[in-house]
Amino acid sequence: MPVEFQAAYANNTRAYDGSPGEVYWQNFSSYTITAEIEPGSWKIKGAEKIEYTNNSPDSLRSIVIKTYPNHYKKGMPRSNQVPLETLTDGMVITNLTIDNVSVSIENNPDVEHFATYIKVHLPNPLPPKNGVTLNMEWTTEMPSKYVNRIGAYDKKSVFVGYWYPQIARYDDIDNWDEIEFLGIQEFNTDFADFNVKITVPNGYNVWATGSLQNPEEVFSDQQLKRYREAKTSRKPVTIIEGNNSPTESEGHEIWNYQASNVKDFAFGVSNTFKWKSQTVIVNDKEVMSNLVYDVDGNTTAERLLEAQEKSLTFLSNTSPGVTYPYSSFTTFIGVPEFGGMEFPMMANNGLSSREVENTDVTFHEIAHSYFPFFLGINEVKYSWMEEGWAIFFTTKFIQSYYKGGEDENTELNRNLNDLNKSAGSMWNVPLITPGYLLTYQPSHTQLAYRKSAFMYFTLENLLGEEVFEKCLKGYMERWSGKHPTPYDFMFTFSEISNRNLDWFWNAWIFQPGYGDLGLSDLDKNTSKVTIKNRGGLPLPIILKLTYKDGTEQLIERTAQVWSQDDNAIAIDIETIKNVVFIQLVTTHYPDSDNTNNLLEIKL
């Protein structure tokens with residue numbers, strides 16, 4: 001265990017049974033933001049007040065402010081590809097005050113400038129259990145086209161994410177988060193309250209994190225009637241029809257959204273998009289389910305509201321089986337390609353020509369409501385603690401939604417095939433490797449999304465569905481609204497299951513193993529078949545025996561058979577007589593080499 005984690009457990013902010021420690025703490029911000037956005041150029045002029053509370057036992061001598069839009073500033077370091085035409089002048093902060101004392105941003109030795117954050121050294125340390133108020137004005141602009149999951153959809157529509165100056169997270173493991181945003185990993189934020197007022201020209205609509213506070217001021221009488229109807233209707237209601245040639249009008253209107261205890265705030269803007277909505281009931285809780293999309297050629301989007309309803313129900317009642325934690329969810333179809341990006345209570349998604357892929361991405365982004373938002377996962381360091389769960393839940397949902405059809409295992413096969421292609425390569429480093437070190441996109445994708453998902457499937461098979469579900473729900477209950485680390489996750493599952501899982505964690509999380517089981521030989525004298533573990537990952541074993549008369553038999557073992565760190569094991573075949581084939585079945589778990597999965601028995 002690294003020394004910074006050892007210190008946290010020694011200080012009792014975290015406990016070895018996987019629970020938050022007796023003196024666990026996390027800091028908190030309250031944002032009051034006013035912003036005006038200019039369609040077409042998508043320039044944003046904003047002002048904000050941040051009330052920051054230091055709940056830590058430390059006296060803070062500085063404050064770190066994230067300036068994520070500088071990722072698109074000319075000359076900044078990036079690990080992802082950004083088209084030249086999307087580059088901007090970045091974010092400019094002005095009129096910064098701390099507790100009403102003016103702080104010069106430029107040419108000030110107390111303000112350090114980095115690519116995507118600034119560090120402000122305080123004249124007087126902020127004591128424990130005290131707060132500080134920051135006020136600032138700023139300007140920025142969104143990329144002129146969609147890039148890195150945000151930006152303009154066209155001249156009249158945009159999705160806005162990571163757009164305002166944000167207090168970095170200060171925690172018991174790393175202190176201030178001073179990791180640059182390079183475009184591959186996502187983000188690490190604290191929980192906060194938001195009161196945001198967004199000014200747009202008349203006729204433009206705004207969809208955002210949180211609840212709309214002033215519908216009477218921004219809707220026509222007919223729209224307001226439909227909006228109120230949708231807040232109780234179990235059937236879809238079209239609140240705004242959408243129009244490819246909207247009437248331009250003078251003046252502006254202000255949309256006010258509020259959200260409590262969420263990790264971030266994002267919004268979409270358009271005066272052409274259609275808005276359909278309905279209320280979904282999950283465990284006696286009403287959730288407003290919204291779908292926003294371009295009316296031009298997007299007829300496939302019409303069916304997504306049903307998929308969204310099924311998604312909310314599945315997540316709440318089946319897997320993970322925890323009631324959806326927020327009052328609404330909005331899918332904004334703004335991405336001009338197949339893909340998506342999650343934000344609290346909403347997602348910015350694209351469309352595919354295949355229905356199953358649209359259902360898949362819709363569910364996947366909603367699933368992120370649990371990880372990294374309900375549980376505040378550090379996505380910069382531990383993407384596998386949230387992306388892997390999203391793949392795990394999505395695979396189960398697609399299998400249920402398309403059960404018995406040709407698309408039942410679409411999500412399973414896609415991830416399994418992609419993982420097998422790169423198995424064993426040098427850049428398949430251990431999962432525990434901090435994500436911000438992985439500047440090679442394929443490495444991040446395979447580890448964060450795919451390897452971790454199959455670790456969760458293997459763990460479920462090992463523990464059994466009932467115990468696994470108990471562990472997962474216990475983990476979510478302990479860490480809802482908090483920030484778990486990999487050790488909190490591992491300790492929780494070990495403690496609740498009452499199993500020694502050290503061997504499992506070591507192989508899956510701390511070692512660079514991959515999936516590759518193979519049949520070695522059959523000893524006819526002992527009726528034992530040997531399976532070699534060439535890749536090192538402890539995986540379930542499924543053997544299919546085919547007899548001379550055509551009948552088949554399955555022999556199954558969980559990954560427990562590898563708990564002694566063996567690289568080969570022998571399994572008894574009780575009725576070896578008349579067996580003509582022994583096949584290692586690897587349709588549900590990783591196996592990079594399937595050329596050694598079949599033994600033909602000569603009778």
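How many nonpolar, polar and charged residues does the lining of the second largest pocket have, by class? Eight are nonpolar, six polar and five charged. Keep in mind that this is a predicted model.

To see that pocket, select Phe392, Lys396, Phe457, Glu460 and Glu465, which lie nearest its centre among 19 lining residues. Helices α7, α9 and α10 each give two or more residues to this lining, and the volume of the second largest pocket is about 490 Å³.

Next, colour α7 (residues 387-401) and α10 (residues 465-479), which pack at about 135° with their axes 15 Å apart. That angle is why the two helices count as oblique to each other. The crossing of α7 past α10 is left-handed. Show side chains here: Trp389, Phe392 and Phe393 of α7 meet Phe468, Leu472 and Tyr475 of α10. This contact has six nonpolar residues, no polar ones and no charged ones.

Now move to the largest pocket, at about 960 Å³. Centre your view on Arg149, Phe338, Gly339, Gly340 and Tyr449, the closest to its centre of the 41 lining residues. Then pick out α5 (355-367), which gives the most to this lining, with six residues. By class, the lining of the largest pocket has 14 nonpolar, 15 polar and twelve charged residues.

Last stop: the largest cavity, with a volume of about 100 Å³. Select Ile179, Glu180, Phe181, Glu186 and Val380, the closest to its centre of 13 lining residues. Seven nonpolar, two polar and four charged residues make up the lining of this cavity.

Key. Residues numbered from 1 in each chain as written. Predicted model: local features only at pLDDT ≥ 70, side-chain atom pairs only at ≥ 80, totals over all residues. Heavy atoms only, no water. 1 Å grid on protein atoms, 1.4 Å probe; cavity = no way out; pocket = protein on both sides within 12 Å on 5 of 7 lines; lining within 4 Å. Points joined across faces, edges and corners; volume = space filled by probe spheres on them. Nonpolar A, V, L, I, M, F, W, Y, C, P; charged D, E, K, R; others polar. Axes fitted to C-alpha atoms, helices over the stretch in contact; angles between N-to-C directions. Helix = DSSP H or I, 4+ residues; strand = E, 2+ residues; numbered from the N terminus. Parallel < 35°, antiparallel > 145°, perpendicular 65-115°, else oblique. Left-handed = near helix turned anticlockwise from the far one by under 90°. Contact = heavy atoms within 4.5 Å.
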